[in-house]
Structure formats: C-alpha cells, structure tokens
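Please look through the sequence and the model together before reading on. The paragraphs below are meant to be read with both in view.

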Amino acid sequence: MIKTKKNKFFISSIIALILIILGSSYFIFNDKPSSKSYNEFLKDIENNKILRVSLNKSSKLTILTKDGAEYLTDNPNNTTLKEDLLKNNIEVKESNTPPLKDIMLTLLIIGSLGTIVFLSLKKTSLGAKNMLSADSFEAHKDENFSFNFSSMAGNEEAKESVKDIIEFLKTPEKYAKYGARMPKGVILYGEPGTGKTLLAKAVAGEAGVPFYALSGSDFVQLYVGVGASRIRNLFKKAKKNGKAVIFIDEIDAIGKKRDNSKAGGSDERDQTLNALLTEMSGFNENEGIVVMAATNRLDMLDSALLRPGRFDRHIEVSLPDVSAREKIINLYLEGKPHKDLDIKDLAKKTSYFSGAKLENLINEAAIIACKESSDYIYDIHLDKAFSIVVAGYEKVNKEGIKEEDKNITAYHEAGHAILSKLVLPEDKLSKVTIIPTSKGAGGYTLTIPHDSSYQNLSYLHNRIKVLLGGRAAEEIIFGKNKITTGAYNDLKQATNIISSMITSYGMGESLGLLSLSELQNLGGINTSEVLDECKDTVYKLYEETKALLIENEDVLHSLAKSLLDKETLYEEDIYKLVS
Ligand code: ADP
Ligand code: ZN
C-alpha cells in the first residue's frame, strides 16, 4: 500500500518537473522572434521600416516591420521613446502588463510547484490518516472474515492457553464474581508466520468481540507525541465498544529493552511505551478488554512491559511439528481440487516451515496446477511448489537445517529424555521435541518437577545427570570429536547447580558447611579447591550418565528415530518407548 502511494507521488513529481522544463523551454527557445541591437532598431526607424512598436514594462520591445517581420530589441525605458516614435509616424501599442508569454510561463511554474506541494501534502495527510485509524475488524458472526479456532490448525497448546481469556471476554461478570483477575496483557511470541496474529484474531472471533490492531513498527520515526496519541485513540475507540481485543504486532518496536548507554535516545518510543502502560493500567480488569501483543523475541522486551498487571501472560506460538503441519496442509487444501496427494510425505518434508510458509506452498501449487490447466492439484504440483518456495528463501534459514544436525538434535534430546525417565521417574516428562524454539535452542525436553519443598542431594545429582544426558548421548553416538555447542545451556545450568551445592548448600567437601559468599566478605579466599571439587563431581556424574545411556542404547536409538519421525513426542509416546 505504502509503496504504491510513494510511487504515485514520485511519478507525479516527475511529470510536474517535465512540464516545467518543457513549458519553459517552449517559451524561452521556440517562440522567440529574432532580436536586433538598439542601434539597428534606430537605423530602421530612420529608414522608415517600422510599422508598430509594442511598449511595455518588460526589458524587450517588440517591433513589427512594414514587411511583416517581428523582432525584439532592448527597451531603453526612457520616457521620450514614445514621443520619438510617434513623431516618426510609428504606431505605438502600449500595455502595462508584461507580455502574455511571460504571464503564461509564470503561471506554469507556479502551477507545477503548486502541484508538487499539493501532492506531497496529500501524501503526508494520507499517511497520517492511515496512522490515526487503527484497523478495526468488527467481528460479526456471519461475516466471512470472522476468524475462529477452526481457521488455525495445530498450535493446540497455544489455543489451550487462551481458552480462559475467551471465556472471560464472553462473561467477565462471572470472573468478577469470584474476584478473579484476568491478564490484561498477553504476549504471543514465536517465529514469524507461526500464526500469532491469527491466534489473536481467533480469540476475538471466538469471543465475538471487535478486534483492533496496530503494529509497533508504525510508530518508528513518528513525531514525538503522535505515537502516544495514537495509543490513546485506540484505547478510547476500543473502550467505547465495551469488550474488545486490542492487538499490537511487533511490540518490540516500542517495547525493546531500554539501552542505558543511549540515554534519552528515543523520546518518541518511550512516550509511546508509557502511553501504552498508562492506558493498560487505566482500565479495570473486568471491563472485558484484553491487549494481545506479538513479538519474535520475548527476551528483547523491556521488563517494564512484562511486569504483573501488564503483559503478564506469555504464550509461545511455536513452529508446527509434523502432525500440526499435516493439519495446516489439509486446512489449506480444503476447497481446492486435489487428487492422490501424499500429504503425510509433504508434512514430513516441510520440517521447520511456518504456517505462513505452508499456506504459501499450497497456494503456489494451486497456481502451478492452474497454469497447466490441470483439473486437480497433484503431487507433481506440490513438488514444483516446494522447490520454488524453498529456493525462494535465503539459504541460512531453518529449512536448510541439515539432516545431520537434525539427527544430532534427536539423539541429544533423546539422551535427556531417557535420563529423566531413569533417574527422575517422579518428574513428569511432558514433551520432547526437535523443533527449534525462538530462543535459539535446537530442540528441548520439557519436564515438570514433582512438588516438593526441598531438593535433596541425590535429587540435585540426578537433575545434573538429566542435564548432561544430551551431551553424553552425542558423545556415545557420534564420538568425542563430533560433540556440539548444543549443550551450552545444559552445562550452564549444571554448573549452577553444582557450584550452589558446594558453595551455598553445604553439600560439598572443600567448604563443608561454610557459605562461600559469606567467606568472601573476609576477603582473599582461595577457590581453587572448590573448583577442583566442582570438576570432579561433574566428571563423576557424567561418567555415570554415559554408563546409563550405554546400558540403554537400544532405547536411545528407538527414541531418536521416533523423534526424527514425529518431531514432537508427548508423555504417552515416550512412556511406550521407554518402558
Ligand atoms: P505471525 O503473526 O506469527 O507472524 P500470522 O498470524 O500473520 O503470523 O500468520 C500468517 C499467515 O500464515 C496466516 O494468515 C495464515 O494464513 C498462515 N498460518 C500461520 N499459522 C497457521 C496455522 N497454525 N494454521 C493455519 N494458518 C496459519
Ligand atoms: Zn540439551
């Protein structure tokens, strides 16, 4: 939209400029009678060759000779000229205005400049208008742009996490009765194209309330105060309606962590952010307004945004796994003619595709089938579309993740999962996946620790073993030379636990029951003994971890294979494989 507007403006300016140049050159060069010096003109008068002289205030006189020729000469601008001419029987045509061509030229230039100014004003006012009116999608039940959960395939966990918000939007009174506080703000985070906007629209659609949307990037480079007033307008509009979902895409554009080194760097952004926070604290929880915001990176956001009473619910909208991809593919094939498609195979091939890319893929396939006048979309069309879509994206993205890397991730996660089942059977192992997260992990294993107020020594040792399980599996299967950086976070956590055990919990030998932080107040403490003990402990635990995995290598293989196949395994799948 904005692009075409810019183009239009650009083209109009060019046209106006060309007009000026053409116009002036026409008047300046084309229609110019020849000119003669003033002396020649005087000679012509003497020789009685002149019929008429046009006198005006311009710098040139226009002379008409008796044989019909016209020429210009310098205007001496003296008061006696007219008298001299009349004495010589020469007609004098007098006008106080400059010649017509001069007027035309002036008008043309003024007109063209006016056009440019007008167009540029129009452009900015159009822009401003766009910015002031937040898009509002009124959710009428029978309108075909109303979205609901059926417009979104997969993402079951995210959908589950917003169900109570929908309930709340439908019947805020019910929640008010219990004194329950609903989140005012929800942050949806995850890779681009995973359906964050779609989910927010679906919440509005399911609850039957209007949907107002803005994008953080619209606020970049606005005049100070404009962003803040837009935020206030948006809330005013939404409140008038009673219930609403307010959606702010790309919230990081206004809510990025403040950079202390650049103090006072972006007044505008701060004002916009403050306006948003003020508006959010200005409405009552039970009014029926929910603000949903989307970002690709949760860790980039200013902590002021994430505080309780603001955006205090964070929902990950992740890349779809193989079964979710199958659902999305089916959703977009619905209503398109297709025959004998191997949808399962396509779902498998498209690991790391987002919902948006899958939608694009199906659309490309439909275009190809249509170009070929085929009655149906067949596998060959999907194949061609697949090449187009994959080749069309930059090389360094996730569809390009090598099979080898996927393989390593699968074994790494399988290692965690097996250790968890073996040494911490009481913790709930709810999910293992090799779908990367937006935080940069290649995959992850989600365990929910069992409830307990204290963690004893053997529990902590076992937690460390689970953390080391990933690296241990890599080493056992691929060899010591092939271990990867994938264990970065695991090792950080393990180090944290070990060092806390020895330096704070009184669970080690080197310090005994003393606390290192207190000792350091005394100054000059030698920590090399503590370091040695940490290293020894980790080494011992790592060896035990490897031994456990080697004992269960067949399970490791089957779990990894299953992960490569399904990408995400849930509690019951893992249970079947491990028991
Ligand atoms: P985001 O806001 O996360 O960048 P969008 O919600 O704008 O992504 O998704 C872009 C498009 O991708 C949607 O309009 C929809 O066509 C498609 N899409 C993404 N995820 C899904 C999904 N889970 N189910 C169906 N369509 C999806
Ligand atoms: Zn790991």
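Predicted model: local features only at pLDDT ≥ 70, side-chain atom pairs only at ≥ 80, totals over all residues.

Residues are numbered from 1 along each chain as its sequence is written, chains are lettered from A and ligands numbered from 1 in the order in which they are written, and side-chain values use heavy atoms, with hydrogens and water left out.

Around ligand 1 there are 17 residues, of which A153, G193, K196, T197 and Y332 come nearest; a residue is taken as near a molecule or strand if one of its heavy atoms lies within 4 Å of it. By class, this shell around ligand 1 holds eight nonpolar, seven polar and two charged residues, where Ala, Val, Leu, Ile, Met, Phe, Trp, Tyr, Cys and Pro count as nonpolar, Asp, Glu, Lys and Arg as charged, and the others, Gly among them, as polar. At least three residues of the shell around ligand 1 come from each of domain 2 (139-316) and domain 3 (322-391), with domain bounds taken from an automatic or database domain assignment.

The backbone takes part in this surrounding: a backbone N or O atom of A153 lies 2.8 Å from a nitrogen atom of ligand 1, while a polar backbone atom of G193 is 2.8 Å from an oxygen atom of ligand 1. For T194, a backbone N or O atom lies 3.3 Å from an oxygen atom of ligand 1. Taken alone, ligand 1 exposes 560 Å², and the protein buries 80% of that, the accessible areas coming from the Shrake-Rupley method with a 1.4 Å probe. Two or more residues of the shell are given by each of α7 (196-207), α12 (322-333) and α14 (355-371); helices (H or I, at least four residues) and strands (E, at least two) are DSSP runs, numbered from the N terminus.

We turn now to the sheets. An open sheet of five strands has the order β1-β4-β3-β2-β5, with mixed pairing, two strands being paired if DSSP finds at least two bridges between them. Because β1 (34-35) and β5 (91-94) stand at the edges with a single partner strand each, one side of each is left without a neighbour in the sheet. β1 runs parallel to β4 and is joined to β4 by two bridges, and the bridge partner of S35 in β4 is L72. Strand β2 (residues 50-55) and strand β3 (residues 60-65) run antiparallel, joined by four bridges, and they form a hairpin with four residues between them; here I50 has T65 of β3 as its bridge partner. β3 also pairs with strand β4 (residues 70-74) in the antiparallel sense, over five bridges, with I63 opposite Y71 in β4. In the hairpin of β3 and β4, which has four residues between the strands, G68 takes a positive phi near 90°.

Another open sheet consists of three strands in the order β13-β12-β14, with antiparallel pairing. Its edges are β13 (444-448) and β14 (568-570), each with a single partner strand, so one side of each is left without a neighbour in the sheet. Strand β12 (residues 428-433) pairs with β14 over three bridges in the antiparallel sense, and T433 stands opposite T568 in β14.

Methods: Polar contact = N/O pair within 3.5 Å; in protein donor to acceptor, adjacent residues only side chain to side chain.
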